[in-house]
Amino acid sequence: MTIHATTPEADAVARRRTFAIISHPDAGKTTLTEKLLLFGGAIQLAGAVKAKRGGAATRSDWMGIERERGISVVTSVMTFEYGGRVFNLLDTPGHEDFSEDTYRTLTAVDAAVMVIDAAKGIEARTRKLFEVCRLRDIPIVTFVNKLDREARDPFDLLDEIEKTLALDTAPVTWPIGRGRSFAGTYDLRRNLVRRLDDDTEAFAVNGPEDGRLLAMLPEHERDAFAEELGLAREALRPFELAGFREGHLTPVFFGSALRNFGVRDLIDAMGEFAPPPRGQQADTRLVEPTEPRMTGFVFKIQANMDPNHRDRIAFMRVCSGRLTRGMKAKLVRTGKPMSLAAPQFFFARDRAIAEEAFAGDVVGLPNHGTLRIGDTLTEGEEIVFRGVPSFAPELLRRIKLTDPMKAKKLREALQQMAEEGVVQVFQPVDGSGAIVGVVGALQLDVLKERLAAEYSLPIDYEPTRFSICRWITCDDKLELDRFVNAHTSSIALDLDREPVFMAASAFSLTYEQERWPEIRASDVKDYQ
Ligand code: G4P
């Protein structure tokens with residue numbers, strides 16, 4: 001499809017692809033990320049991304065806890081150019097304890113690559129992340145990885161994707177052999193073959209019986225393969241762009257990230273099929289990416305990326321217009337102007353000052369606590385982007401401060417941590433100590449470590465009698481007040497001073513809901 005650009009903004013938008021990789025741990029996300037960046041020439045050395053298991057240190061390797069546990073706590077973004085396009089790859093933490101971060105990051109992408117281990121198929125975390133993508137109709141390209149190892153039958157894998165995710169599949173390539181016999185892929189649309197040992201040149205063949213194709217496999221596998229490929233060409237669904245863009249159909253690629261095979265076809269497909277930056281819904285209207293005035297929203301805050309500078313970086317997705325270095329923007333939440341003096345782009349190992357950025361780009365905005373998750377920046381317009389959600393925490397703990405003289409400092413530090421999305425903080429209305437809520441237990445460790453390291457605040461956690469937390473709203477303000485007054489020991493205020501009801505068990509929550517039918521209890525809240 002040719003896009004006839006009429007303005008520099010429209011041209012820039014048409015070239016951009018902003019995406020994330022979703023997968024279950026160990027499926028090969030890190031390896032694939034490295035290979036994608038190599039294509040973009042963003043890094044010279046494979047291995048640069050890998051901060052885990054004692055690999056080369058990277059910028060994302062910024063925190064002791066991350067190094068110790070071999071997990072990536074941070075979400076970052078990597079920008080690279082390939083084939084005339086600008087790719088923004090948003091990295092997501094692999095560990096499920098940081099799933100809140102991942103969900104927020106998925107609000108900032110236009111497409112996703114789903115990596116599946118060919119031996120294991122759809123695993124729990126892939127499925128969960130897929131569901132988050134589906135909520136926003138994010139188109140998914142599937143990469144079946146590790147074909148160089150023992151793998152399941154490709155028909156089986158496609159069937160599993162269709163059944164467990166209720167997603168149509170359209171294989172674009174087909175593996176020639178598997179495991180030890182894996183020799184390359186067959187492009188089903190164009191009848192081209194790529195060899196595992198040299199993927200730069202694809203050669204044309206005359207269908208499944210072609211001698212050059214069959215010669216790639218051991219003799220005893222040839223007949224079965226010709227039959228399999230014939231069936232794949234005839235019986236399986238062809239790729240169809242509209243279905244993909246609407247999120248109903250996933251094109252499927254087979255390969256081996258470790259062998260850097262299949263990655264070229266994958267990235268070409270991202271360029272060709274994946275949508276350019278899409279319009280973003282704000283409270284009052286849909287903001288189109290090609291509009292001339294700059295808008296954007298913050299989906300991630302990261303502190304201390306560079307331990308020597310103690311800086312805080314807000315990651316903002318630009319939604320429209322052109323962001324230029326030094327421009328003044330309005331922070332809609334406070335109504336105050338803000339100078340974007342040093343917006344940054346990120347690469348695998350480096351960052352650089354962004355002179356300008358367009359819709360789909362993610363820029364890092366250094367700040368000292370001015371920006372928080374969910375913030376909207378504009379050139380003056382009063383709009384707020386929707387859809388950076390907060391999820392009801394699954395673990396609640398009361399904070400025990402070892403030095404009670406530091407209560408005020410703790411309050412400030414907790415406010416900051418909540419604004420960064422490290423944890424959620426709830427202040428009980430009865431004046432008792434703050435309660436922190438998290439989705440995964442590791443978030444508690446991160447909070448404890450950061451309070452000690454950055455604020456000299458040693459803390460401990462105490463259990464609370466609560467296990468469930470829900471945001472409460474009611475159309476009738478007086479009824480809400482009555483509910484709050486009747487339950488003061490179970491009500492707390494969140495960061496935005498909105499009330500939550502905390503219950504000891506699902507039973508007591510249901511009990512209260514039955515008694516107070518007008519009160520709505522929700523487990524998700526959009527940031528305002
Ligand atoms: P993740 O980020 O999704 O958790 O996965 P990662 O890329 O770290 O890959 C997990 C393991 O799978 C790694 O091995 C990696 O080398 C291997 N792997 C990734 N892609 C392929 C592939 O296409 N083929 C094969 N055979 N292996 C692949 P590891 O031994 O756990 O780690 P390492 O010691 O090699 O770093």
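1. The model is a predicted one, in which local features need pLDDT of at least 70 and side-chain atom pairs count only at pLDDT 80 or more, while totals for chains, interfaces and linings use all residues. Residues are numbered from 1 along each chain as its sequence is written. There are 17 residues around the ligand, and Gly28, Thr30, Thr31, Ser256 and Leu258 come nearest; a residue is near a molecule or strand if its C-beta atom, placed from the backbone, lies within 6 Å of it. Divided by class, the shell has four nonpolar, seven polar and six charged residues. In this scheme Ala, Val, Leu, Ile, Met, Phe, Trp, Tyr, Cys and Pro count as nonpolar, Asp, Glu, Lys and Arg as charged, and the others, Gly among them, as polar.

2. Packing of H2 with H10. The axes of H2 and helix H10 (residues 263–272) cross at roughly 70 degrees and come within 10 Å. Axes are lines fitted to C-alpha atoms, for helices over the stretch in contact, and angles run from 0 to 180 degrees between N-to-C directions. H2 and H10 are therefore roughly perpendicular to each other; angles under 35 degrees count as roughly parallel, over 145 as roughly antiparallel, 65 to 115 as roughly perpendicular and the rest as oblique. On the H2 side, Leu32, Lys35, Leu36 and Phe39 meet Val263, Arg264 and Ile267 of H10. The residues of this contact comprise five nonpolar, no polar and two charged. Two residues are in contact if their C-beta atoms, placed from the backbone, lie within 7 Å.

3. Packing of H11 with H12. Helix H11 (residues 407–420) packs on helix H12 (residues 441–455) at an angle of about 120 degrees, and their axes are 11 Å apart. The two helices, H11 and H12, are therefore oblique to each other. Their crossing is right-handed; a crossing is left-handed if the near helix is turned anticlockwise from the far one by less than a right angle, and right-handed if clockwise. Lys409, Ala413 and Met417 in H11 meet Leu447, Arg450, Leu451 and Tyr455 in H12. By class, the contact of H11 with H12 has five nonpolar, no polar and two charged residues.

4. The enclosed helix H4. Seven of the eight residues of helix H4 (residues 99–106) are buried, so H4 is largely enclosed by the rest of the structure. A residue is buried if 20 or more other C-beta atoms lie within 10 Å of its own, exposed if 12 or fewer, and partly exposed in between, with C-beta atoms placed from the backbone. The buried residues are Glu100, Asp101, Thr102, Tyr103, Arg104, Thr105 and Leu106. Their cover includes strand E1 (16–23), strand E3 (85–90), helix H5 (124–135), strand E14 (295–303) and strand E24 (389–391).

5. Positive phi values. Most residues other than glycine have a negative phi. Asn191 has a positive phi, near 55 degrees, and is placed in the loop between strand E8 (184–187) and strand E9 (192–195). Asn191 is partly exposed, with 17 other C-beta atoms within 10 Å. Ser456 also has a positive phi, near 50 degrees, in the loop between H12 and strand E28 (459–463). With 11 other C-beta atoms within 10 Å, Ser456 is exposed.

6. Leu493 is found in strand E30 (residues 491–493) and counts as partly exposed, with 15 C-beta neighbours inside 10 Å. Not counting residues up to four places away in sequence, Leu493 touches Phe426, Gln427, Val429, Glu498 and Pro499. Gln427 is 66 residues from Leu493 along the chain, yet their C-alpha atoms are separated by 5.1 Å. His487 lies in the loop between helix H13 (477–486) and E30, and is partly exposed, with 18 other C-beta atoms within 10 Å.

7. Gly374. This residue is placed in the loop between strand E22 (362–367) and strand E23 (376–378). Gly374 counts as buried, with 26 C-beta neighbours inside 10 Å.

8. The chain as a whole. The chain has 14 helices and 33 strands. Of its 528 residues, 45% count as buried. Among contacts with a separation of 6 or more, residues 24 or more positions apart account for 69%.

Conventions:
Helix = DSSP H or I, 4+ residues; strand = E, 2+ residues; numbered from the N terminus.
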